[in-house]
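Visitor: Could you walk me through a few spots in this structure?

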Amino acid sequence: MHVIAVLALDGVVPFELTIPGQVFGVANSLAAGASYEVRLVAPGGETATDPALGAFTLRTDWDVPDLAAADTIIVPGHANFAAPHPDPVLTELRAAAARGARIASVCVGAFTLAAAGLLDGRRATTHWRHAADLAARYPEVDVDPAVLFIDGGQLLTSAGVAAGLDLCLHLVRRDLGAAVAAETARGIVMPLQREGGQAQFIQHPAQDRTDNPLQRTLTWMEANLHRPLTLTDIARHAALSVRTLTRHFQDQVGTTPLQWLLSTRVRYARELLETTDLPVETIAQQAGFATSTTLRHHFTRRLGTSPQQYRNTFHAR
């Protein structure tokens, strides 16, 4: 049984607190036998929620020292994220990281991981409103405000509230495979993987746009992954200059056209590895990587595993 401890610090955000129980509970009902045990852990066995979001008190059987028994620790956001964190909490988080436990944060829960020093030298994310503050307080952390979540292997961080759903579904996929994760997503009426990043939710000054061909171009890019598309090809299809195309992508998708293309190719390769028995070389060509060597390079860099190892783990037999 995989024990998941949800660390509820004072002022915890109620919705973020309940996300792990919902996602992993649904996954339990779909997997062959219960795979997860979700435990609410709170200092002194009691916590109060963020009063601005509905004030109530929760009591639990698990205290901070019980983090030592967790395989995965998830830290939701809480109202006091900018204040000093309790030393026992930081000590237990450091000890959990040292013994190899998986640790993840939702929204401003990243401040707790950063306060423990766990994110130093790592790429991390949080809610876009607080990303600059996180970077200023913890300059050793490489803060990326544009993405929904970051899988750093042992350490994972996610953006605001709903990105906690993305993160937990991703963990189910890592643990139990793509099929169970997909069914879990359907069960909670969520897409298994949302497109784009936080940039699509950030408000920008109004601009004079007569016609935006970006969605049509995104669809065209997906249909032509196998082709060696260049930035000029994409701009030509969108009937935009390269500069304007790049600005549209940054505003609406949160990344550059070529980075989006690369991410989409990796995602398509993952889908083929999960659902077909095609040779890796063929998958590389269909996804637009030309050779298995190029596919392996980008796959390993982004996912921390090789295409063959990924297939061995997630292929639906």
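Visitor: Where does Glu46 sit?
Guide: Glu46 belongs to strand 3, residues 46-48, a strand being a DSSP run of E with at least two residues and a helix a run of H or I with at least four, both numbered from the N terminus. This is a predicted model, in which local features need pLDDT of at least 70 and side-chain atom pairs 80 or more, while totals for chains, interfaces and linings use all residues. Residues are numbered from 1 along each chain as its sequence is written, and side-chain values use heavy atoms, leaving out hydrogens and water.

Visitor: What does Glu46 touch?
Guide: Leaving aside residues up to four places away in sequence, Glu46 touches Thr57, Leu58 and Arg59, where contact means heavy atoms within 4.5 Å.

Visitor: Switching to helix 7, which residues are buried?
Guide: In helix 7 (residues 214-223), the buried residues are Leu214, Thr217, Leu218, Trp220 and Met221. Viewed down the axis of helix 7, they fall within an arc of 165°, so they line one face; the arc is taken from the directions from the helix axis to the C-beta atoms.

Visitor: And what covers the buried residues of helix 7?
Guide: The cover includes helix 8 (231-238), helix 9 (242-252) and helix 10, whereas the face of helix 7 turned away from its buried side carries the exposed Gln215 and Ala223.

Methods: Buried means under 20% relative accessible area, exposed over 50%, partly exposed in between (1.4 Å probe, protein chains only).
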